[in-house]
Amino acid sequence: MDIRTTGGPATAEEMAAVDGLLGEPQPADHRVVHGGRAMRSQRHLLLPVLHAIQDRAGWVSRGALEYACRRLSIPPAEAYGVVTFYARFAPQERGPVALHVCDDIACMLAGAKVVEGAHGAPCLGLCDRAPATLTERFGEAYEAVQTPAREAARQPGSRLLRRVGVVDPDSIDSYLQHGGFAALKLAREMGPAAVIDEVTRSKLLGRGGAAFPTGRKWQSVADAPVRPHYLVCNADESEPGTFKDRVLMENDPFALVEGMAIAAFATGCEKGYVYVRDEYPLARRRVGEAIAQARERGYVDFEVEVRRGAGAYICGEETALFNSIEGKRGEPRNKPPFPVEAGLFGKPTLPNNVETLVNVLDIVNGEFADTRLFCVSGQVLHSGVYEVAMGTPLRALIDLAGGLLPGRTMRAVLLGGAAGSFITPDQLDVPLSFDGTRAIGATLGSGAVMVFDDTADMRQVLLRIARFFRDESCGQCVPCRVGTARQEEILERMLQSPNGDGRADVMLLSDIAQAMRDASICGLGQTAANAIASGLTQLKVLNG
Amino acid sequence: MADVTLTIDGREVQAREGSTILDACRRMRIDTPTLCQLDTLTPVNVCRVCVVELEGARVLVPACSRKVEAGMKIRTDSERVRHSRRLVLELLASSVDMSLCSPQVRGWMDRYGAAPGRFGKQVATVAQPVKVDNDLYVRDYSRCILCYKCVEACGVDAQNTFAIGVAGRGFDAHISTEFDVGLPDSACVYCGNCIGVCPTGALMFKSEHDMRAAGTWDESKQTVTETVCPYCGVGCMLELHVQENSIVKVTSPLDHSVTSGHLCVKGRFGFEFVQRRGAKG
């Protein structure tokens with residue numbers, strides 16, 4: 001490929017960052033060209049390279065991007081499309097520190113304000129610490145620091161959370177002392193087919209939000225004749241109000257590694273990826289170190305790589321995530337083909353959520369019980385992750401989190417995050433199960449439970465959700481790209497003049513919602529109107 | 001390849017395995033609106049105006065890319081299909097200047113009752129100044145519906161030059177060179193194949209752009225002369241669009257076996273030599 005670069009040279013620092021990741025370039029010899037295919041086959045390293053540049057220099061300059069393009073044989077226009085797709089990459093020069101202030105729902109309720117010079121950010125997954133920030137210091141010793149926890153990790157769960165706050169997340173020996181890798185040992189004795197049988201029999205449903213039967217997915221990948229098979233752990237937890245996977249990865253990373261090892265063993269995956277959102281630096285470090293320690297002791301015998309997201313909610317959608325790992329814009333793909341036939345790099349792929357994989361340990365050990373993690377945040381006494389049995393009434397879960405603040409009354413609960421819907425105070429006895437929530441037109445989604453009391457400005461909450469989808473739409477398909485923009489504009493107009501032409505605007509929103517639901521490529525567009533529709537009809541936000 | 005049997009709008013049809021629902025609809029003469037689809041490009045299924053209802057599917061499916069399967073039951077004119085097609089056209093037309101689209105597109109707008117004005121006046125659009133940075137063609141992205149066709153034609157589907165890509169995200173997504181540099185600084189080789197596939201007039205010969213600005217562009221006065229490009233031995237077929245004895249633009253038919261509609265800079269823009277346009281001649 002003839003790559004034209006006119007942006008001038010990269011700085012020595014930028015080149016060092018790229019070479020540090022890719023190795024020193026071959027000495028130039030203009031009589032012959034070597035390694036075109038080898039260079040192109042590294043295209044999937046574009047995001048890691050961009051991170052390396054930005055971690056060092058604070059931004060991605062034209063010279064640096066073009067240098068990266070020459071090293072990876074990527075057209076600069078295409079690479080620029082990738083840089084500008086991800087919110088975390090800055091194509092403009094900026095200072096050595098970036099402060100990201102979460103201004104999403106939970107932090108907004110906690111009074112977050114984006115100060116001058118800071119960047120407003122969608123949910124940082126730190127709702128239990130609201131208002132939350134993420135600070136990045138660029139340079140040779142790049143560091144990213146999250147708002148620290150105010151209290152030690154709580155352990156309100158018995159199964160999935162039993163090691164949280166108990167084991168030393170940095171030590172494999174500590175994990176082994178708490179029964180670690182017993183499930184993997186057992187799985188290897190049972191053989192792949194028996195493991196898949198157990199998973200199928202457990203009736204485990206995926207915990208990422210779509211609730212697909214895990215056993216069926218595993219069977220499909222195991223049966224796929226094409227090789228290699230890929231395992232992709234989806235740790236791009238970006239649904240507003242969701243932070244359970246972060247708690248697992250930060251406090252019990254070896255459990256995830258063990259779950260991945262079992263999954264790879266059972267389905268014959270030659271290579272695995274853990275795609276962790278950029279906003280989780282601690283989780284990323286701990287999982288990476290856990291993989292290294294487990295490999296050293298022989299528990300991980302397949303290739304696993306931790307990949308870092310770059311600020312895109314849409315990359316939690318499995319096919320967008322594959323594109324992101326491949327070094328492309330995180331645009332979802334049309335299905336079919338489904339990931340189990342043609343996923344990452346076009347090969348059979350097993351995409352599983354963090355909580356799903358951790359569940360596998362207990363299934364193999366014969367200790368599985370159908371409990372689930374819920375992230376309770378917003379206006380409750382003790383925000384945090386709680387593990388309760390499926391079917392537990394919502395009211396009991398909120399009581400577990402200490403209930404409302406003194407003297408307040410309940411206004412609403414947002415179940416399932418921005419892609420979920422609102423529950424009214426008279427629906428608090430809904431059992432937290434797939435069928436129970438479906439019966440009242442709601443969804444468990446990713447397990448986000450956001451509580452609002454009578455002091456919450458629900459208009460601002462609805463507007464924030466509308467802005468969230470407008471910001472996070474990938475822009476590929478028309479219903480979502482323009483629909484989310486129109487949805488926000490119309491909602492804003494309605495909230496500003498409640499006595500205006502309300503009925504016509506409600507009709508417009510419902511027309512847009514139906515087209516987004518029916519004709520969008522992926523789940524983002526298909527659910528982008530849910531919470532707003534339920535806010536307007538269930539909560540009657542306009543009327544009160 | 002074997003044939004499969006499926007049902008479209010209540011009628012049973014045979015279709016080649018591996019072909020798309022759109023292919024089957026066209027063979028049945030069901031007029032299916034498309035914007036991002038072109039027979040010479042890989043389907044990207046992003047505009048969603050071709051969606052149809054597939055029995056058993058939760059959401060509508062894009063006819064342009066979904067392959068036929070035996071036993072499929074498809075409806076192309078149900079209430080849901082009409083609604084989504086109408087909304088796609090309305091959403092696009094409310095944000096993009098679609099006035100230079102083909103009469104066919106306007107026909108679809110009428111058929112589905114699209115009223116883009118109903119979202120109100122204070123809505124975001126992609127309006128922006130025309131980019132004029134070279135003598136051969138202009139880029140008016142206020143007419144861009146983001147169909148990805150130009151990116152595909154510049155890339156592996158035709159030219160393999162990769163001078164443009166999709167940048168930004170969401171409503172801010174747009175076609176761009178790296179860091180939005182002008183075309184002379186980009187990898188562009190001025191083959192003009194992006195103009196050839198653009199369905200909205202966002203990409204346009206500078207000659208056409210200037211004549212439109214001067215009010216002299218008049219398609220009723222134009223004739224089309226077919227000829228073969230004289231520059232090399234490939235044998236590309238050219239269609240010379242002539243107005244008042246002057247070549248105003250050059251195209252090639254999509255279905256031509258040599259070009260598939262694509263040309264190079266000499267065939268596309270070499271006509272300037274024929275008529276010695278410009279002061280220095």
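**Close-up views of a two-chain model**

**View 1. Domain 2 of chain A meets domain 5 of chain A.** Six residues of domain 2 of chain A touch seven residues of domain 5 of chain A. This is a predicted model. The two domains together bury about 540 Å². Carbon and sulfur atoms make up 66% of that area. The centres of domain 2 and domain 5 of chain A, taken over C-alpha atoms, are 26 Å apart.

**View 2. Charged pairs between domain 2 and domain 5 of chain A.** Three salt bridges are counted between these two domains. Asp103(A) and Arg467(A) meet through their side chains in a salt bridge, at 3.3 Å from N to O. Two residue pairs are also in polar contact between domain 2 and domain 5 of chain A, both at pLDDT 80 or more. What classes of residue does domain 2 of chain A bring to the side that touches domain 5 of chain A? That side has four nonpolar residues, two charged residues and no polar ones.

**View 3. Chain A as a whole.** Five domains divide chain A. Domain 1 covers 12–85 and domain 2 covers 97–146. Domain 3 spans 172–364, domain 4 spans 370–453, and domain 5 spans 457–544. Chain A holds 22 helices and 13 strands. Its C-alpha atoms fill a box of roughly 75 × 60 × 45 Å along the principal axes. How does the radius of gyration of chain A compare with that of a compact globule? A compact globule of 544 residues would have a radius near 24 Å, and chain A, at 23 Å, agrees with this.

**View 4. A salt bridge across the sequence of chain A.** Over all chains, the structure holds 68 salt bridges. One of them pairs Glu387(A) with Arg159(A), whose closest N and O atoms are 3.9 Å apart. Where do the two partners sit? Glu387(A) lies in strand E10 of chain A, residues 384–389. Arg159(A) lies in the loop between strand E4 (143–146) and helix H7 (172–177) of chain A. The pair therefore ties together parts that are 228 residues apart in sequence.

**View 5. Chain B meets chain A.** In this contact, chain B takes part with 49 residues and chain A with 54 residues. The area buried between the chains is about 4100 Å². Carbon and sulfur atoms give 56% of this area. How many salt bridges cross the interface of chain B and chain A? There are three salt bridges. Asp511(A) and Arg118(B) form a salt bridge, with their closest N and O atoms 3.0 Å apart. Between chain B and chain A, 26 residue pairs are in polar contact, both residues at pLDDT 80 or more.

**View 6. The side of chain B that touches chain A.** The view returns to the 26 residue pairs in polar contact between chain B and chain A. Helix H2 (79–95) and strand E7 (165–167) of chain B each supply at least two residues of the side that touches chain A. Which element gives the most to this side of chain B? H2(B) does, with nine residues. By class, this side of chain B has 27 nonpolar, 13 polar and nine charged residues.

**View 7. The two domains of chain B.** Chain B is split into domain 1 (1–123) and domain 2 (137–276). Their C-alpha centres lie 26 Å apart. Domain 1 of chain B puts 18 residues into the contact, and domain 2 of chain B puts in 20 residues. Together these domains bury about 1600 Å², with 65% of it on carbon and sulfur atoms. Which residues of domain 1 of chain B lose the most area to domain 2 of chain B? They are Thr40(B), Leu41(B) and Leu100(B), together 35% of what that side buries.

**View 8. Polar links inside chain B.** One salt bridge is found across the interface of domain 1 and domain 2 of chain B. Asp97(B) forms a salt bridge with Arg143(B), and their closest N and O atoms are 3.1 Å apart. Six residue pairs are in polar contact across the interface of domain 1 and domain 2 of chain B, both residues at pLDDT 80 or more. The side of domain 1 of chain B that touches domain 2 of chain B has eleven nonpolar, six polar and one charged residues.

**View 9. Chain B as a whole.** Eight helices and twelve strands make up the secondary structure of chain B. The C-alpha atoms of chain B fill a box of roughly 65 × 50 × 40 Å along the principal axes.

Key: Residues numbered from 1 in each chain as written. Chains lettered and ligands numbered in written order. Predicted model: local features only at pLDDT ≥ 70, side-chain atom pairs only at ≥ 80, totals over all residues. Heavy atoms only, no water. Domains from an automatic or database assignment. Contact = heavy atoms within 4.5 Å. Buried area = accessible area lost by both parts, 1.4 Å probe. Salt bridge = Lys/Arg side-chain N within 4 Å of Asp/Glu carboxyl O. Polar contact = N/O pair within 3.5 Å; in protein donor to acceptor, adjacent residues only side chain to side chain. Nonpolar A, V, L, I, M, F, W, Y, C, P; charged D, E, K, R; others polar. Helix = DSSP H or I, 4+ residues; strand = E, 2+ residues; numbered from the N terminus. Rg over C-alpha atoms; globule rule 2.2 N^0.38 Å.
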